[in-house]
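Me: I have a chain to read and some terms to learn. Please take me through them one by one.

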Amino acid sequence: MMLASALGFIIASLIFSLISMLIMFAMMGSLMNSFGKQESFALQNNSVLNLRLEGAIQERIAENDPFTDLVGGVPSAMGMNDIIGAIRKAKNNDKIKGIYLDTRLFMASSATLAEIRQELEDFKESGKFIVAYADTYTQSGYYLASVADKVAINPQGMLDVHGIASVPFFYKDAMQKLGIEMQLFKVGTYKSFAEPYTQTEMSEANREQVNSFITDIWKSMKADMASSRNMETAQIDSIANRFPLLKKTDFLLSQNLVDTVLYESEMKNYIRELIGIDADAKIPSATVADMKSVKTQAVKKSTNSIALLYAVGSISSGNGSNGIQDKYMVNEIEKLRKDDDIKAVVFRINSGGGSAYASEQIWKAISELKSEKPVVVSMGDMAASGGYYIACNANKIVAQPTTLTGSIGIFGMVPNFGGTLDKLGISTDVVKTNKFSDFGDVSRAFNAQEAAMMQSYVNSGYDLFLTRCADGRGMPKDSLAKYAEGRVWTGNQAKEIGLVDELGGVDEAIRIAAEMANLGKSYAVFEYPRMKSPIGEIFNKNKEELAAKTLKGYLGESYDMFMLLKNIKDQDYIQARIPYDLNIK
């Protein structure tokens, strides 16, 4: 019986292995077939760049490969660097006559929008056309479309211009029902990260800062739209107060929001007229993805190179490439410091912060890099709290007018699940060798002495944060303290108070870096860290990284909160960050 069972197991294992091999070979055959079917894109004369924006626009995304189509489930996203690269190539390529801007349902923050819009404005200097069309313009979509020479809309279309609001959620009462208490230790009147867990509404200080920065963001956006449409900013506010999303297209025409009302087929005929082809001819076009394969003058790494180093996501302790993990980022910075061909570094930061400890490690690495070659920070959507910590010591800081930055303050937040355990009828006990052996035990609240120790530790961390920023910005510590307290500022406001040096995008930061390194106009720019393709991730030795990326795909925006709880569990008690979800609409 035992021999028969063993023999059966062996036979079953062999059959299973054979089937697995057949499936693997089938997948590999399909993969190779996908590779074989890929055709290189050939740009035709009289082409139009079909700038169709959809999904989430991120700083940059990994290169797709055929394996992505096999596994499926990859979230839709576009890289801002790819979009800008496509527009720039279109400007300089004689085969492209203009841009057809098609803004669908996409997600992008105000600073990312500003970066793309500036590139579109620069494109117009070539004399080529930009036309925009949509069935429905979101406010973000219209902000970009307003720069077009002609803005068209479907006769039954909709257009949204409503201003900006912030609608945060508060979980204190829900957590009380679950028996969870968040123990908070912070420095900074405006440090609002923990408010959703400790309050039921905004504090007055937080309401003041949110009102300040959303008002300034809206001021920049409406000024841009008004300038492009030959209107006054007061007109934009007047229109927003009438909520045009629910108005007929006649209203949109009368208010000069759009130039014409067309069906999509009529819009395509208009494009045919612009590029001078027959009415029934197919419009030669190229997408953002197509433009990646359009060749430009070959750029080789030379002895005059600038590194564009990306730091995107939450700051944490670790050695992975997911988010901004201190050991991984420090290693990347060290490689750039030792590379004699790299003459300057543009540090592109898009982060709301994270671990104060990890931020300090990256700050130190940037300080050492700065001692050997110029470092210019380019701020994306946000470079706040820990994101500002790692930026403050650069030679120069460049931000978009609508970038969110500052938030110089820290906090510690430790959950107490004692109430939850009581509700479940669970009790705990302890045996310990020393007084603080069970420090941080989440089954009970801190006692008075432990709480005082935690607050003292947070105070010390805040003082160090202030020192780093004051030294980096060349400001007296007491002067900088007036702009700290955890307060969030826009890029516009930050420039006025000395937290940033210049307003602009990545290109402006690169220009400044080249100037500081005395490179003239003869230099090449290369992006770091190198991004892995999805198939590369499968063979990544760091399985934790692959698991993190998979988890992020499932959790979406909730991933950052999950990681915060994980970091607290891993003893990263002290955090320098702004709220994950500012809920700006």
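**Terms and cut-offs in one chain**

Reply: Among contacts in the chain (heavy atoms within 4.5 Å) between residues at least 6 apart in sequence, 75% join residues at least 24 apart. This is a predicted model, where local features need pLDDT of at least 70, side-chain atom pairs count only at pLDDT 80 or more, and totals for chains, interfaces and linings use all residues. Residues are numbered from 1 along each chain as its sequence is written, and side-chain values use heavy atoms, with hydrogens and water left out.

Me: How many helices and strands does the chain have?

Reply: There are 23 helices and 21 strands. Both are DSSP runs, numbered from the N terminus: helices are H or I with at least four residues, strands are E with at least two.

Me: Why is Thr-405 called buried?

Reply: Buried means under 20% relative accessible area, exposed means over 50%, and partly exposed is in between (1.4 Å probe, protein chains only). Thr-405 has 0%, so it is buried. This residue lies in strand β16, residues 404-406. Leaving aside neighbours within four places in sequence, Thr-405 is in contact with residues including Met-379, Tyr-388, Trp-489 and Ala-494. Across the chain, buried residues make up 49% of the 585 residues.

Me: What makes Arg-229 buried or exposed?

Reply: Its relative accessible area is 5%, so Arg-229 counts as buried. Arg-229 sits in the loop between α8 (204-228) and α9 (233-240). Beyond its neighbours within four places in sequence, its contacts include Tyr-142, Asn-256 and Asp-259.

Me: Which peptide bond is cis?

Reply: Most peptide bonds are trans. The bond joining Tyr-528 and Pro-529 is cis, with omega about -10°. Pro-529 is found in the loop between β20 (524-528) and α21 (534-538).

Me: Why are α3 and α4 called roughly parallel?

Reply: Two packed helices are described by the angle and the distance between their axes. The axes of α3 (residues 80-92) and α4 (residues 110-124) come within 9 Å and cross at roughly 5°. Angles under 35 degrees count as roughly parallel, over 145 as roughly antiparallel, 65 to 115 as roughly perpendicular and the rest as oblique. Therefore α3 is roughly parallel to α4. Axes here are lines fitted to C-alpha atoms, for helices over the stretch in contact, with angles from 0 to 180 degrees between N-to-C directions. Among the α3 residues that meet α4 are Ile-83, Ile-87 and Lys-91. On the α4 side, the residues include Ile-116, Leu-120 and Phe-123.

Me: How do you know that Met-158 is partly exposed?

Reply: Its relative accessibility is 32%, so Met-158 counts as partly exposed. The residue lies in strand β5, residues 150-159.
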